[in-house]
Amino acid sequence: IDTIAPTIDTDASDLTVACDGQGNTAALAAWLASNGGASASDVCSGVRWSNDYSGLSDGCGATGAATVTFTATDSCGNATSTTATFTIIDTIAPTIDTDASDLTVACDGQGNTAALAAWLASNGGASASDVCSGVRWTNNFTGVSDGWGATGAATGTFTATDSCGNATSTTATFTIID
């Protein structure tokens, strides 16, 4: 009779991968297919592997994790297990695809509020992308400096932040001249 479970020769190992924005399906499939790197043997028969993977947790952007139990079962139904975690992380800031651009406008005597509002709303013309999530824009605009009459300038830093809090910035200046 066989009442002895297979022996785990190598425990399953945790794996952490950088977010690819597509669920890292190839890396996850390879990790699951290799039983998290685990190996087992049995003195009486071969070993059949199974696991309890049911999906990734929902992290920021397209990140997440899954703790998986890999079970080695021999021909007589004796089993032993090892557990490991597959984790997708995002540590990469968004990419600035187009830098913010300086804008110089002719003084309209009213502070050029429409032109300034449009420049700020367009992030100074900047664009950014992130492989793992969308991008949220902020800026540090506080006001236009006092120049002659109703002229002045403001240097703005536009910051693109992804869902995981990674950020990158671009800077430009809005100038009112007479």
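The link of C60 and C164 is right-handed, with 100° about the S-S bond. Their sulfur atoms lie 1.9 Å apart, which makes the pair a disulfide (cysteine sulfur atoms within 2.5 Å). C60 sits in the loop between β4 and β5, and C164 in the loop between β11 (152-162) and β12 (167-177), so the bond ties together parts 104 residues apart in sequence.

This is a predicted model: local features need pLDDT of at least 70, side-chain atom pairs count only at pLDDT 80 or more, and totals for chains, interfaces and linings use all residues. Residues are numbered from 1 along each chain as its sequence is written, and side-chain values use heavy atoms, without hydrogens and water.

The structure holds 2 disulfides. Their pattern is 1-3, 2-4, counting bonded cysteines along the chain.

| Disulfide | S-S distance | Angle about S-S bond |
|---|---|---|
| C19 and C132 | 2.1 Å | 90° |
| C60 and C164 | 1.9 Å | 100° |

C19 lies in the loop between β2 and α1, and C132 in the loop between β9 (127-129) and β10 (135-139), 113 residues apart. Strands are DSSP runs of E, at least two residues; helices are runs of H or I, at least four; both are numbered from the N terminus.

Are these cysteines buried or exposed? Both C19 and C132 are buried. Buried means under 20% relative accessible area, exposed over 50%, partly exposed in between (1.4 Å probe, protein chains only). C60 is partly exposed at 31%, and C164 is partly exposed at 23%.

What about C44? Its sulfur is 5.4 Å from the closest cysteine sulfur, in C76, too far for a bond.
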